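Dear colleague,

I am passing on the structure we spoke about, together with some notes on what turned up when I went through it. Please read them with the model open beside you.

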Number of protein chains: 2
Amino acid sequence: VTPEPGEAIRTVGEDRLVARLRALASRGLGASVVVGPGDDAAALRLPGDRLLLFACDMMVEGVHFRRDWATPEQIGWKAVVQNLSDIAAMGGEPGFLVSSVGAPGDTLSCVAEGIAQGLARAASEHGASLVGGDLVGSPGPLIVDVAVVGSVEEALMLRRSGARPGDAILVTGALGASAAGLAALLRGLRDDRRPEVAAALRAHREPRPRLAEARAIAATRLATAMMDLSDGLAQDLRRMCRESGVGARVWAARVPAHPSCQWVASLLGENALTWALAGGEDYELLFTCPAGAVDEIARSVEAATGTPVTAIGEVVEGDGASLLEADGRPLPWPAGFEHFGRA
Amino acid sequence: VTPEPGEAIRTVGEDRLVARLRALASRGLGASVVVGPGDDAAALRLPGDRLLLFACDMMVEGVHFRRDWATPEQIGWKAVVQNLSDIAAMGGEPGFLVSSVGAPGDTLSCVAEGIAQGLARAASEHGASLVGGDLVGSPGPLIVDVAVVGSVEEALMLRRSGARPGDAILVTGALGASAAGLAALLRGLRDDRRPEVAAALRAHREPRPRLAEARAIAATRLATAMMDLSDGLAQDLRRMCRESGVGARVWAARVPAHPSCQWVASLLGENALTWALAGGEDYELLFTCPAGAVDEIARSVEAATGTPVTAIGEVVEGDGASLLEADGRPLPWPAGFEHFGRA
C-alpha cells in the first residue's frame, strides 16, 4: 500500500516505506544489475579488465543543504552528482550507487520518496544505477550519504598526484555559479526568476557532473593530474599541489567566472572572482597537462562535449599556490570551505 | 603534525585531520588497492569472473550507539561488521570499504582517530581494506556510514528470495547475546566483569561477521536462501518470507539462545527467548535448505568453522511466520526493532 504523501515515516513504518523507496529506485535497472535493491547487497556485473573505482560523499542537513532551499528531489540529485563527479575526477565511468538515508521519525513520507526519486533520476540520467540503500532513524538532521562504484581503464586513470613543474593548470567550464546561487539563497532570493539568478540557483541546487568532459580529457592521454572542484579552486588546487609535491601560480584574470556568478555578484555588491576562486560545489574539473598540450586537449574536449576548457596557471617547483595579477603582483589567496569552521 | 588527542576537530582543521585519518586507514593495504585513501575515488583490482556485491549501512549516535557505552574503536568496528555481514549474507567475500563520518566540530580528534582505527582493524581482520572516506561536519549526532564492495561466484550466491515450502529454516551460532548486552548497558552494567555479562557486552559492542560460515554454507550448494540477522529473527524471518513468497513455522524450544543471553536474562529477570527472537545485531546467518540437506550442511559448516548450525523451523505455503510450542500451540510473535518506532 502506497503511503500518503503527508504521512510521517514514523506512522508509515519502516518496511512499508522501504518497499516504496525500493520500487522508486528500481525503475529501469539494466541487465548488469543481477540483484537490485531489497537483498542484503546488490550483485553487479562489471565490464572486465578495468579498475574498480569506489568513493562516497555525505550530505548533512544544515551543513550541505536546507530543506527550505531545495526540494527533496534536488537534495537526492545533488548527493548523487557529488559522487559521479568523484568518478569523473579519476577519468572513469560510473556504474552503480547505494545510498544511506538517516531521517527523523517525523519526516514526511513524500520527503523520503522525493529524495529517492532524485537519487534514482540523477543516477539514470548519467548512465548509472541506484542499486541499494539503508534507511535509518536520526534524532537530528536529515542525512543523505551516497557511495558509488565505477570503473576506468588503468592506462586512462588520472590521479591528483601527477602534476609536474612546467605543466599548465586548466579548468572545464566556468566557476562560481554555485556560490552565487548560495549567496542568492542567503539573501532570500530563493524563487527569483531573473534568468541569471535562476541559473545560479539551478547551478547550486542541480549541479551537473563533468563525466563526458572527464572521459574526453582522459582519452587524450595528455593530462597529468585531475580532480573535481567540490570545495572550491582555492582549497582544491592546494590539495592537488600537496599530493603532487609541487606549487602553483594562478593568473586571476584568467579564472573563468560564470556569467551568472558575475551578474549576481554585481546585483549583491559582492566579488565574482572570490566566488569563482573560493566557492565550492561547481563540480568542474581541475587538471594539468604539459604546456604544449593545452591546445590539443582544449580542442578535443570542446569537440566532444561543447564545454570550453581554460588554462588558468602553471605548476611550479616548491609548494603552495599563489594568485597573481596580470603584472605579476601577488593577490591574497582566498580561504575555501572548511567543514569544521576554525574556532 | 599529529593532532593532540584532546584537540577538538574544529581546531585541528579538516585537511590535517583527514591526512591523519588517511594514514590510520592506509596501513597494510594490499596490492589490489591501486589507489587508496586520498584521491577522488579508490581504484581497485577485483578478481575476474565474479559478481560484484555492493551494500551500505549507517549508524547514528543515539539510535545505534552511545558514546558512553562504546569506545570510538568499537563504534568503527561495528559499522564495518554490519557491512561485512551483508556480504556474508549473499555468500560472498568482502573486498573493500569506504566510510563517511559526520561529526560535530567539538568532537575530539582522538574520537575521530579511534573510529578510523576501528574501521580499519575490522576491515583488515576480515581480509578487507578500508580504501576511502568522507569527513563532514554535523550539527547533530555523530554519524558513521560504511559502504562495502565484495564479490561472489554467481553460482554460489544466496538471495533472500529462494526459500521454498518444505525447506528447513536454520541459524548459525546462538542468538540474543547482543540484546543481553544492550539490556545490561540499559541497566548501568557497562563495566561489569562477570564473564557472562562481559560476553554479552562484547557481543553487543564488538560483533563478528559470519564470513567463513557463509562461504561454507554457499560452498555446499544446498542452501536455498540466506540473510543476516541484523534486526532480529522475528523481523528478519518475516522479510525472508515476504521476499520468497512463503510462510514459516518456528519451534520456540529449538531457537538457540546464547548462554550469556540466558544468564543475563536470569540476572535481570527478563525473558531470554524474547531476546533471542526479537533482539537485533547478532549478525548470525538465517538460511534455508531442503529438509534432507540439514545434516550435511550442519556437518560442513561445523567442520570448516567450528560454528554450530541449528534447524529451528520449516518453510510453509502461505505468508507470515508463526512461533509454536513443542506441542504445536501458537505463541505470540515478538516485535523486532523498528527504526522509526510507531507513533
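A residue is called exposed here when its relative accessible area is over 50%, buried when that value is under 20%, and partly exposed in between. Please also keep in mind throughout that this is a predicted model.

With that cut-off, A:Arg221 counts as exposed, because its relative accessible area is 60%. A:Arg221 also has a positive phi of about 55°, although it is not a glycine, and its place is the loop between helix H7 (211–220) and strand E8 (225–228) of chain A. A:Tyr283 is likewise a residue other than glycine with a positive phi, near 55°, and it is found in the loop between helix H10 (272–278) and E10 of chain A. Is A:Tyr283 buried or exposed? With a relative accessible area of 2%, A:Tyr283 is buried.

The interface between the two chains

In the contact between the chains, 78 residues of chain B meet 78 residues of chain A. The size of an interface is often given as the accessible area lost when the parts come together; for chain B and chain A, the buried area is about 6,000 Å², and carbon and sulfur atoms give 58% of that area. Between chain B and chain A there are 16 residue pairs in polar contact, counting pairs with both residues at pLDDT 80 or more. On the side of chain B that touches chain A, strand E3 (residues 51–60) of chain B gives the most, with nine residues, and the residues of that side divide into 41 nonpolar, 15 polar and 22 charged.

Strand pairing also crosses from one chain to the other, since DSSP bridges are what define a pair of strands: strand E2 (residues 42–44) of chain A and E3 of chain B pair in the antiparallel sense over three bridges. Within this pairing, A:Leu44 has B:Leu52 as its bridge partner in E3 of chain B.

Salt bridges

Side chains of opposite charge can pair when their charged atoms come close. Over all chains, a search of the whole structure finds 48 salt bridges, and the count between chain B and chain A is eight. One of the salt bridges joins the side chains of A:Asp40 and B:Arg160, at 3.0 Å from N to O, and these two residues belong to a network of salt bridges that links A:Asp39, A:Asp40, B:Arg159 and B:Arg160.

The side chains of B:Asp39 and A:Arg159 also meet in a salt bridge, at 3.4 Å from N to O. This pair crosses between chains, from B:Asp39 in the loop between strand E1 (33–35) and strand E2 (42–44) of chain B to A:Arg159 in the loop between strand E6 (143–152) and E7 of chain A. B:Asp39 is buried, with a relative accessible area of 12%, whereas A:Arg159 counts as partly exposed at 32%.

Within chain B, the side chains of B:Arg194 and B:Asp192 form a salt bridge at 2.7 Å, N to O; B:Arg194 is partly exposed at 34% relative accessibility, while B:Asp192 is buried at 16%.

In helix H4 of chain A, A:Arg121 and A:Glu125 lie four residues apart, about one turn of the helix, and their side chains meet in a salt bridge at 3.4 Å, N to O. A:Arg121 is partly exposed, with a relative accessible area of 32%, and A:Glu125 is partly exposed as well, at 44%. A:Ser109, by contrast, lies in the same helix H4 (residues 109–125) but is buried, at 0% relative accessibility. Leaving aside residues up to four places away in sequence, A:Ser109 touches several residues, among them A:Pro3, A:Glu7, A:Val12 and A:Leu17.

Strand E7 (residues 167–172) of chain A is mostly covered, as six of its six residues are buried. A:Asp167, A:Ile169 and A:Val171 point one way from the strand, and A:Ala168, A:Leu170 and A:Thr172 point the other way. E7 of chain A pairs in the antiparallel sense with strand E10 (residues 285–290) of chain A over five bridges, where A:Asp167 stands opposite A:Pro290. Five bridges also join E7 to strand E11 (residues 309–316) of chain A, again antiparallel, with A:Ala311 as the bridge partner of A:Leu170.

With best wishes

Note on methods. Residues numbered from 1 in each chain as written. Chains lettered and ligands numbered in written order. Predicted model: local features only at pLDDT ≥ 70, side-chain atom pairs only at ≥ 80, totals over all residues. Heavy atoms only, no water. Contact = heavy atoms within 4.5 Å. Buried area = accessible area lost by both parts, 1.4 Å probe. Salt bridge = Lys/Arg side-chain N within 4 Å of Asp/Glu carboxyl O. Polar contact = N/O pair within 3.5 Å; in protein donor to acceptor, adjacent residues only side chain to side chain. Helix = DSSP H or I, 4+ residues; strand = E, 2+ residues; numbered from the N terminus. Nonpolar A, V, L, I, M, F, W, Y, C, P; charged D, E, K, R; others polar. Pairing = 2+ DSSP bridges. Buried < 20%, exposed > 50% of the residue type's maximum accessible area, 1.4 Å probe, protein only.
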